[in-house]
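Let's take a quick tour of a protein chain, starting with its overall build and ending at a handful of residues picked out by a database. Keep the structure open while you read.

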Amino acid sequence: MTDDSRMFFDRRRMLCALAALPILPLARPALAAETLGFGELYKSFGVLGLEFSDKVKRLTGQEITIKGFMAPPLKAEANFFVLTEIPMSLCPFCSSDADWPDNILVVYLARKQTFVQFNAPIEAQGILEYGSWTDPDTGFVSQLRLREAAFDTA
Amino acid sequence: MRKLILALASATMLAGAANAATVYPLDRATILVGSPFDFKVEFDTVVKPEDVKVTVNGQDYEAVFGKKAEFVAEEKGDEDKVLGSALILRGLTIAAAGAYKVEVSAGSEAKSVNWDVYPTVAEPKAKNIIFLIADGLSVAHRTGARIMSKGMTEGKANGRLAMDDIPPVAFIGTSSTHSIATDSANTMSAYMTGHKSRVNALGVYADRTPASLDDPKVETIAEALRRTTKKSIGIVSTSELQDATPAALVAHTRKRADKADIVGMILDVKPDVLLGGGSAYFLGKDVPGSKRKDDKDYIAEFKNAGYALAIDKTELAAAAGSNQDKLLGLFHTGNLDVTLDREFLKKGTVEKFPNQPGLVDMTKAALDKLSKNPDGFFLMVEAASVDKMSHPLDWDRALVETIEFDKAVAVAREFADKNPDTLIVVTGDHTHGVGIIGTIDDEKPGDEMRAKVGTYDDAGFPNYEDANGDGYPDRIDVSRRLFLAANNGPDHYETFRPKLDGPFVPAVQNEAKEYVANEEYKDVPGAVFVQGNIPKDGDTGVHAVDDVVLQAVGPGSEGFRGYMEQSDVYRVLADAFALGVAKD
């Protein structure tokens, strides 16, 4: 599992870099992704809403890496999963998407990857995006996402 | 008794007939006179409208109900599967109390149900009702809270809980319409509507169509109070305000998870005081932290409807003293942190929401507001996390929640001492499969934690201390502590120790969607693997089917007696307030 996904990860990254080159000749180096931590997502928490951190705002549109735990996917065929800070015992999708904690990140994979053991920490890499987004297939609303992402066991 | 046997006999005979239709409200429903409800007949097959015959006490139903039902030729299920024809009559009221026999037939289908449309006394017995509910409250929670809070010497408790002096008056049967087992939605709905329903359902009978908002409705207590009285209504919970228990006062949905819709249902009824968590569903979807899928800003809507808003303990205290009648207190985007984390360990999400009030603060504030109404009030107070901590088998947190609940009971009793026209009800909505079997004594020899479990004579007494006299143990990780054991659960590791870093997460889901023991606890010294005994898709311990103990004191409490169906509790509440008498 680990070996396969690492190989896949590398290949994807390479493809991504190759694809990016002709379009964005001045793009950041693909390997120098900055790391974001779950503790760094929000500047403030409040009953009337949360505010994203300056770091999230600064890194938006850039490739970042973040460590976390993969929550069980909504549907086997869903092209995204939810990354959480701690292993989730709940399967919120089983009943509704209501029971997620605030600090989650929705990860849209560039290509399908095998679901990993839930207890194992993973590292996801992709392009950071914030703001409300409703997934057209599932109706799942997210505030913070990784696009064009891939993951590896950490 | 004879009547019951007859009813049972007829039910059995009909069940044997081919193609029995289903009638809502179900057989043996009890209905408050004058309360609106939806009447629905579900035929098992597609029938012709001209073949449908409905009589009530032998008369054509239209003459008795005063309205014609809508005929639905084909109800559709998932993937457009035809389920059969249906008759629906919404918002029906029956003005005269009595026994109603409803007979329905069409083609080969027939069904007969009996309803008891009950009156109430003409004059209210009580001015106020305080209905205190600890979600999941089982006998072990009470015993544990007493020992932990008050201590015990030579077999006698060193003190009494506030709830210990409220007479236990009834055993409550919590089962649902489709199962002996139950959840917090249909149980609280039974208390708050007088009708039993199906797991996950609130204020409706669960019909066969997939849509969750079209099921046959019954009136909730808040709606009945608005219809028949000028009393104020208060809802206080440590959970999200849209969660099943608080929602049961106002909501109509087959699915308790319709939390975004439930906020709108709360606004429809406009309870005067609303204190709890769940602000995420009040915020439009563009606000980070929102859990809505639309742009509705319910904070603004509630403010426009005349509500003052409080978002922390300080604002709650200020709002309690203000003259604005309506108060919305939202103290967390989700559920409030539990007492142990909020007040002592500062774990969970306390860092993010550092100034949350507790159940006692909220109960006091609600009573301050509501008691200003000369017509009286109905206040529901829920200690939600007795259940929310019992599910993950975090017994220390569940017991501390029970102690906090008891302090809210004390506040209610103080109020009733000064206002004797107040009925107090203390109960749970369902139970958990948990018992106290002894103690765990770290001083016992050896490394094996299991060997440190004391049972029978070896259990002795725990050594919790409450030096500051606040009713909470100064620490829960004492050397000789209570040992609670669940009779069910997923695979997990028993650590025999309090979870000081945050609530216990016994099991996590693997790639096969099965819940497996959370490895995080595997290496806790002395932890032992406990094989689960529920299906592997179960993430935590489950509700027990055991009866709930109901306690009550004050005017009207004499109506609670012996074994009662959960739905019968409503009738006692309705009688205490004379809700069978319409407002002029």
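Chain B has 14 helices and 30 strands. Keep in mind that you're looking at a predicted model. Here's what the atoms of that model tell us.

**Overall build**

- Chain B has a radius of gyration of 25 Å, and a compact globule with 584 residues would come out near 25 Å, so the two agree.
- If you box in the C-alpha atoms of chain B along the principal axes, you get roughly 80 × 55 × 55 Å.
- Of the 584 residues in chain B, 54% are buried.
- Take the contacts in chain B with a separation of 6 or more: 69% of them join residues 24 or more positions apart.

**Domains and where they touch**

- Chain B splits into domain 1 (2-118), domain 2 (128-434 + 542-576) and domain 3 (436-530).
- Between the C-alpha centres of domain 2 of chain B and domain 3 of chain B there are 28 Å.
- In the contact between these two, domain 2 of chain B puts in 26 residues and domain 3 of chain B puts in 24 residues.
- On the domain 2 side of that contact, helix H3 (139-150), helix H10 (339-345) and helix H13 (395-418) of chain B each supply at least two residues.
- Sorted by class, the side of domain 2 of chain B that touches domain 3 of chain B has 14 nonpolar, six polar and six charged residues.

**The listed binding site**

- Which residues does UniProt list for "binding site"? Its unreviewed entry gives Asp135(B), Asp243(B), Thr245(B) and Glu382(B).
- These residues are spread over 248 residues of sequence, yet they cluster in space, with a largest C-alpha distance of 11.3 Å.

**A closer look at Asp135(B)**

- You'll find Asp135(B) in the loop between strand S10 (128-134) and H3 of chain B.
- Is Asp135(B) buried or exposed? Asp135(B) counts as buried because 29 other C-beta atoms lie within 10 Å, and 20 or more is enough for that label.

**A closer look at Asp243(B)**

- Asp243(B) sits in the loop between strand S14 (232-240) and helix H6 (244-247) of chain B.
- Asp243(B) is buried as well, because it has 28 other C-beta atoms within 10 Å.
- Not counting residues up to four places away in sequence, Asp243(B) touches Ser237(B), Gly278(B) and Ala384(B).

Key: Residues numbered from 1 in each chain as written. Chains lettered and ligands numbered in written order. Predicted model: local features only at pLDDT ≥ 70, side-chain atom pairs only at ≥ 80, totals over all residues. Domains from an automatic or database assignment. Contact = placed C-beta atoms within 7 Å. Helix = DSSP H or I, 4+ residues; strand = E, 2+ residues; numbered from the N terminus. Nonpolar A, V, L, I, M, F, W, Y, C, P; charged D, E, K, R; others polar. Rg over C-alpha atoms; globule rule 2.2 N^0.38 Å. Buried ≥ 20, exposed ≤ 12 C-beta atoms within 10 Å, placed from the backbone. UniProt positions renumbered as here; feature names shortened; annotations may be inferred.
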